[in-house]
Amino acid sequence: ILGASTISGTLGVTTTTGTITDTGVLTVTGATTLTAGGPSDITLDNGGNFSTVAVTTGANVTLVDSNTIILGTSTIGGTLSVTTTTGTITDSGVLTVTGATTLSAGGPSDITLDDANQFSGAVGVSTGANVTIVDAVGLDLGPIAITGTLAATATTGNITSTGGALDIPGAATFTASAVGA
């Protein structure tokens with residue numbers, strides 16, 4: 001359990017079999033690396049202020065940031081939920097997520113996940129402006145409710161929508177590269 005802290009450098013947290021949680025606001029100016037062995041759940045939901053967050057190992061992961069968040073290379077064996085209150089959500093490395101992914105960029109703000117990610121579950125967006133989602137294989141879109149544009153890419157697979165309505169007032173582009181897509 002992490003209490004309220006301000007760290008003017010990097011933060012690395014590792015558990016061998018337990019969860020990683022917070023009880024107060026975490027402010028980290030450098031990279032944050034989280035490893036919840038087992039894998040176990042990671043819940044940092046007190047409106048922290050992170051720079052880059054990478055999850056080496058985690059089951060269900062919840063991240064809430066008061067500003068912009070950059071998602072580093074991560075391996076998540078369950079669900080991923082990322083919320084910002086006023087900033088963007090971007091990636092700087094490949095995200096591998098076994099379960100559903102839920103994104104909410106407050107403001108609304110842009111979401112750009114344009115690395116060769118591997119989302120096995122549906123990817124949904126409850127709040128966002130202009131959204132870019134890239135999956136190295138097939139992409140399953142969950143509910144999407146944004147104020148701008150959507151660019152969805154499945155590099156070697158199909159794009160499906162099994163999780164709800166797509167509310168996209170701007171232009172939507174879908175690029176699927178599977179045979180017969």
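The model is predicted, and local features need pLDDT of at least 70, side-chain atom pairs count only at pLDDT 80 or more, while totals for chains, interfaces and linings use all residues. Residues are numbered from 1 along each chain as its sequence is written, and side-chain values use heavy atoms, with hydrogens and water left out.

## Overall build

The secondary structure of the chain amounts to zero helices and 22 strands, where helices (H or I, at least four residues) and strands (E, at least two) are DSSP runs numbered from the N terminus. Along its principal axes the C-alpha trace spans about 50 × 35 × 25 Å. The chain has a radius of gyration of 16 Å, which agrees with the value near 16 Å for a compact globule with 181 residues; this radius is taken over C-alpha atoms, and the globule rule is 2.2 Å times the number of residues to the power 0.38.

Buried residues make up 44% of the 181 residues, buried meaning under 20% relative accessible area, exposed over 50%, and partly exposed in between (1.4 Å probe, protein chains only). The chain exposes about 7300 Å², of which carbon and sulfur atoms supply 54%; accessible areas come from the Shrake-Rupley method with a 1.4 Å probe, and for residues only the protein chains shown count as cover. Among the contacts with a separation of 6 or more, residues 24 or more positions apart account for 5%, a contact meaning heavy atoms within 4.5 Å.

## Core and strand pairing

In soluble globular proteins, nonpolar side chains tend to be buried together. Here the largest nonpolar core has 40 residues, and Leu-34, Leu-44 and Ile-89 are those with the most contacts inside it; such a core is a set of buried Ala, Val, Leu, Ile, Met, Phe, Trp, Tyr and Cys residues joined through side-chain atoms within 4.5 Å. Leaving aside neighbours within four places in sequence, Ile-89 is in contact with residues that include Ile-69, Leu-71, Val-82, Leu-103, Ile-111 and Leu-113.

Strands count as paired if DSSP finds at least two bridges between them. Strand β8 (residues 61-65) is mostly covered, with four of its five residues buried. This strand pairs in the parallel sense with β6 (residues 42-48) over four bridges, and five bridges join β8 to β11 (residues 80-84), again running parallel. Leu-63 in β8 is the bridge partner of Leu-44, and Leu-63 in turn has Val-82 in β11 as a bridge partner.

A further series involves β7 (residues 52-57), which pairs with β5 (residues 32-36) in the parallel sense over four bridges and with β9 (residues 69-71) in the parallel sense over two bridges.

## Selected residues

| Residue | Relative accessible area | Class |
|---|---|---|
| Thr-101 | 1% | buried |
| Thr-84 | 2% | buried |
| Gly-72 | 4% | buried |
| Ala-116 | 41% | partly exposed |

Thr-101 is placed in strand β14 (residues 101-105). Not counting residues up to four places away in sequence, Thr-101 touches Leu-80, Phe-119, Ala-122, Val-123 and Gly-124.

Thr-84 lies in strand β11, and its side chain reaches the backbone oxygen of Gly-87 at 2.4 Å. This is a polar contact, defined as a pair of N or O atoms within 3.5 Å; within protein, one must be able to donate a hydrogen and the other to accept it, and residues adjacent in sequence count only if both atoms are side-chain atoms. Beyond four places in sequence, Thr-84 touches residues including Asp-65, Asn-67, Ile-89 and Ser-104.

Gly-72 is located in the loop between β9 and β10 (74-76). Gly-72 and Ala-54 are 18 residues apart in sequence, yet their C-alpha atoms are 4.3 Å apart in space. With neighbours within four places left aside, Gly-72 is in contact with Thr-52, Val-53, Ala-54, Ser-92, Gly-93, Val-94 and Leu-95.

Ala-116 lies in strand β15 (residues 111-119). Not counting residues up to four places away in sequence, Ala-116 touches Val-94 and Ala-136, while Ala-116 and Thr-155, 39 residues apart in sequence, are 7.9 Å apart C-alpha to C-alpha.
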